[in-house]
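I set out to record, step by step, what I looked up in this structure.

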Amino acid sequence: MNQEYGDDFITITDEDGTNYELEVLSSLEYNGSTYLALVAAGELDAEAEDADLEVSFLKVAEEDGEELLLAIEDEEELDEDD
């Protein structure tokens with residue numbers, strides 16, 4: 001996961017080589033894993049206060065020394081409470 005622009009913005013590249021710039025809204029450490037809440041870069045500025053934002057929740061994983069962002073596919077993991 002390459003990080004550009006500063007601490008609140010990241011650029012990720014998908015399997016097809018397409019780059020996406022995302023703004024990190026929040027991060028959470030839970031049960032030994034890190035989770036990020038992200039929106040498309042600039043979406044917060046472009047949206048009106050009452051508009052719905054599309055927020056993505058991704059899990060940070062490490063593979064071969066490289067950080068990856070993974071979709072959370074397990075519904076139980078998404079719904080888990082403390």
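The entries below go from the sheet to its strand pairs and then to single residues.

**Entry 1: the model.** I noted at the outset that this is a predicted model.

**Entry 2: the sheet.** I first asked in what order the strands of the sheet lie. I found an open sheet of five strands with the order β1-β2-β3-β4-β5, and the pairing is antiparallel. I then looked up which strands stand at the edges. They are β1 (9-13) and β5 (66-71); each has a single partner strand, so one side of each is left without a neighbour in the sheet. From one strand to the next, the twist averages 45 degrees.

**Entry 3: β1 and β2.** I turned to the pair of β1 and β2, where β2 covers residues 19-30. The two strands run antiparallel and are joined by five bridges. Across this pair, isoleucine 12 stands opposite tyrosine 20 in β2. I also looked at the connection: β1 and β2 form a hairpin with five residues between them. In that turn, glycine 17 has a positive phi of about 90 degrees.

**Entry 4: β2 and β3.** I counted eight bridges between β2 and β3, which pair in the antiparallel sense. Leucine 22 has alanine 40, in β3, as its bridge partner. The hairpin of these strands has two residues between them. Here asparagine 31 takes a positive phi near 50 degrees.

**Entry 5: β4 and β5.** I found that β4 and β5 pair over six bridges, in the antiparallel sense. I checked lysine 59 and found that its bridge partner in β5 is leucine 70.

**Entry 6: serine 33.** I located serine 33 in strand β3, residues 33-40. Is serine 33 buried or exposed? Its relative accessible area is 14%, and buried means under 20%, so serine 33 is buried. I then listed its contacts, leaving aside neighbours within four places in sequence: serine 33 is in contact with Leu28 and Lys59.

**Entry 7: phenylalanine 57.** I located phenylalanine 57 in strand β4, residues 56-63. Is phenylalanine 57 buried or exposed? Its relative accessible area is 51%, and exposed means over 50%, so phenylalanine 57 is exposed. I next looked up the nonpolar patch on the surface to which Phe57 belongs. Leu25, Leu53, Val55, Phe57 and Leu78 form this patch, and together they have about 400 Å² of accessible area.

Technical notes
Residues numbered from 1 in each chain as written. Predicted model: local features only at pLDDT ≥ 70, side-chain atom pairs only at ≥ 80, totals over all residues. Heavy atoms only, no water. Patch = residues over 30% accessible without salt bridge, like charges linked within 9 Å, V, L, I, M, F, W, Y side chains within 5 Å. Areas by Shrake-Rupley, 256 points an atom, 1.4 Å probe, with all protein chains shown as cover. Salt bridge = Lys/Arg side-chain N within 4 Å of Asp/Glu carboxyl O. Helix = DSSP H or I, 4+ residues; strand = E, 2+ residues; numbered from the N terminus. Buried < 20%, exposed > 50% of the residue type's maximum accessible area, 1.4 Å probe, protein only. Pairing = 2+ DSSP bridges. Axes fitted to C-alpha atoms, helices over the stretch in contact; angles between N-to-C directions. Contact = heavy atoms within 4.5 Å.
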